[in-house]
Amino acid sequence: METFLAGLDDRTLLALPYLFEFWALPHQLPPEGAWRSWVVMGGRGAGKTRAGAEWIRAEVEGARPADPGRARRVALVAETLDQAREVMVFGESGIMASSPPDRRPEWQATRRRLVWPNGAEAQIFSAREPEALRGPQFDAAWADELAKWRDGQAAWDMLQFGLRLGEAPRQVVTTTPRNVAVLKSLLTQPNTVLTHAPTEANRANLAASFLEEIRARYDGTRLGRQELDGALLEDAEGALWTLAMLEAARELRVPELSRVVVAVDPPATGHAGSDACGIVVVGACTEGAPQDWRAVVLEDASVAAASPQRWAEAALDAMARHGADRLVAEVNQGGDMVEAVIRQVDPLVPLSKVRATRGKAARAEPVAALYEQGRVAHARGLAALEDQMCRMTRQGFDGAGSPDRVDALVWALTDLMIAPAAHWRRPQIRSIA
């Protein structure tokens with residue numbers, strides 16, 4: 001690199017910071033082909049804003065500052081006008097900061113627009129005011145954080161009606177993914193292309209302390225997969241648990257635990273094609289009346305396609321790690337074999353055998369109600385379990401295979417919270433005559 005830079009003249013060195021193709025990460029460069037919508041989807045800090053700003057530059061700028069580019073009328077749409085101005089226009093990765101001095105547009109505050117030296121214009125809009133997009137017309141557009149627009153579908157529809165100038169009007173969407181209809185619908189369109197990157201893809205431009213802290217807090221969580229990995233996570237229609245419920249569960253604090261159990265949902269078979277064996281560790285504080293009880297999911301220790309010996313050992317290892325009081329095992333599939341396998345590993349382990357007499361959804365609903373009441377907390381590292389939870393609906397599991405992890409969770413919380421509450425009786429105070 002030093003040899004390369006030493007061979008450049010002064011003018012080229014001054015221009016180099018503005019040659020985005022030289023510095024860009026792969027996900028920040030527009031794909032080839034005749035697309036209409038380019039979606040840049042990624043984690044926080046992945047460089048999405050810079051990608052959007054540089055694409056606008058490439059659309060409006062010509063070979064020289066006064067030469068026309070491909071686009072002359074541009075829409076810049078964000079959730080609010082403040083966000084459009086402070087992020088898309090004046091942000092550290094926005095249009096003004098990305099533009100070389102001789103091509104930098106002029107900001108006309110009263111008209112809420114940028115004007116380039118070649119006459120191209122970009123106007124900012126708020127997605128909260130969809131009707132403001134009715135009337136203007138454009139040949140290019142940049143929609144920032146589409147997935148968080150409050151009135152997303154209406155604003156997006158109005159933008160599409162206005163994107164009608166030139167031979168092939170196009171738009172870029174830069175967004176962290178969320179489970180919203182407008183984004184999911186856009187991604188299914190045949191003229192949409194997608195580039196994707198996690199936060200770490202742009203680590204060279206991020207503070208190391210930011211990455212360490214954010215990963216320490218959110219790694220292994222469903223929110224972390226969305227906000228850091230840039231994964232589009234969906235809640236099934238009619239789901240018993242939602243992303244919002246699970247995020248609330250991470251904020252709860254549980255007092256000193258009264259009991260800890262490990263629940264096991266063994267697979268029907270024990271070979272390479274078997275379902276996973278759900279193994280979940282849960283603790284609870286059950287002091288006072290049932291409405292005061294609180295629980296915390298401590299670990300998902302599930303193992304994939306394991307032999308009976310292997311899952312039994314994994315369950316007992318989880319008990320040892322957490323000092324659990326009891327092992328709860330479903331015996332519908334294996335009957336006495338389940339207990340026999342466990343006893344071979346530890347003959348004296350305290351064991352409760354449970355048998356399902358109702359469907360999975362019916363068993364799960366009382367447990368989901370505990371979450372709605374804010375009585376169950378979640379530790380980190382439960383992303384796989386949480387994914388299954390958000391696919392469990394009142395009609396059944398909306399996913400492939402068996403919800404083995406959810407089954408184990410339900411058995412654990414039933415043993416700790418649901419069943420004891422059904423038999424709890426308030427102490428009677430006797431009067432002395």
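This report describes a helix, a nonpolar core, a surface patch and the salt bridges of a predicted model.

## Helix α16

Helix α16 covers residues 404–423. With 20 residues at 1.5 Å a residue, α16 should span 28 Å, and its end C-alpha atoms lie 27 Å apart, which agrees. The helix also has a kink of about 55°, centred on threonine 414.

## The largest nonpolar core

In soluble globular proteins, nonpolar side chains tend to be buried together. The largest nonpolar core here holds 36 residues. Those that touch the most other members are Trp241, Val282, Val297, Tyr371, Leu409 and Leu413.

At least two residues of this core come from each of α11 (243–251), β9 (259–265), β10 (278–285), β11 (294–300), α14 (360–372), α15 (383–389) and α16. The element that gives the most is α16, with nine residues.

Leu19, Phe22 and Trp23 make a nonpolar surface patch of about 300 Å². Leucine 19 sits in the loop between α2 (10–15) and α3 (20–23). Its relative accessible area is 41%, so leucine 19 counts as partly exposed, the class between 20% and 50%.

## Salt bridges

Side chains of opposite charge can pair when their charged atoms come close. The whole structure contains 22 salt bridges.

One of them joins arginine 363 and aspartate 407, at 3.5 Å from N to O. This pair links distant parts of the chain, with arginine 363 in helix α14 and aspartate 407 in helix α16, 44 residues apart. Both arginine 363 and aspartate 407 are buried.

Another salt bridge is formed by the side chains of glutamate 299 and arginine 321, at 2.8 Å from N to O. Here too the pair links distant parts of the chain: glutamate 299 belongs to strand β11 and arginine 321 to helix α12 (residues 308–322), 22 residues apart. Arginine 321 is partly exposed, at 48% relative accessibility.

## A neighbouring pair and a network

Arginine 85 forms a salt bridge with glutamate 86, and their closest N and O atoms are 3.0 Å apart. Arginine 85 has a relative accessibility of 25% and counts as partly exposed. Glutamate 86 is partly exposed as well, with a relative accessible area of 44%.

Salt bridges also link Arg50, Glu54, Arg57, Glu61 and Arg103 in a network.

Methods
Residues numbered from 1 in each chain as written. Predicted model: local features only at pLDDT ≥ 70, side-chain atom pairs only at ≥ 80, totals over all residues. Heavy atoms only, no water. Helix = DSSP H or I, 4+ residues; strand = E, 2+ residues; numbered from the N terminus. Expected span 1.5 Å × (residues − 1). Bend = angle between axes of the 7 residues up to and from the residue. Patch = residues over 30% accessible without salt bridge, like charges linked within 9 Å, V, L, I, M, F, W, Y side chains within 5 Å. Areas by Shrake-Rupley, 256 points an atom, 1.4 Å probe, with all protein chains shown as cover. Salt bridge = Lys/Arg side-chain N within 4 Å of Asp/Glu carboxyl O. Buried < 20%, exposed > 50% of the residue type's maximum accessible area, 1.4 Å probe, protein only. Core = buried A, V, L, I, M, F, W, Y, C linked by side-chain atoms within 4.5 Å.
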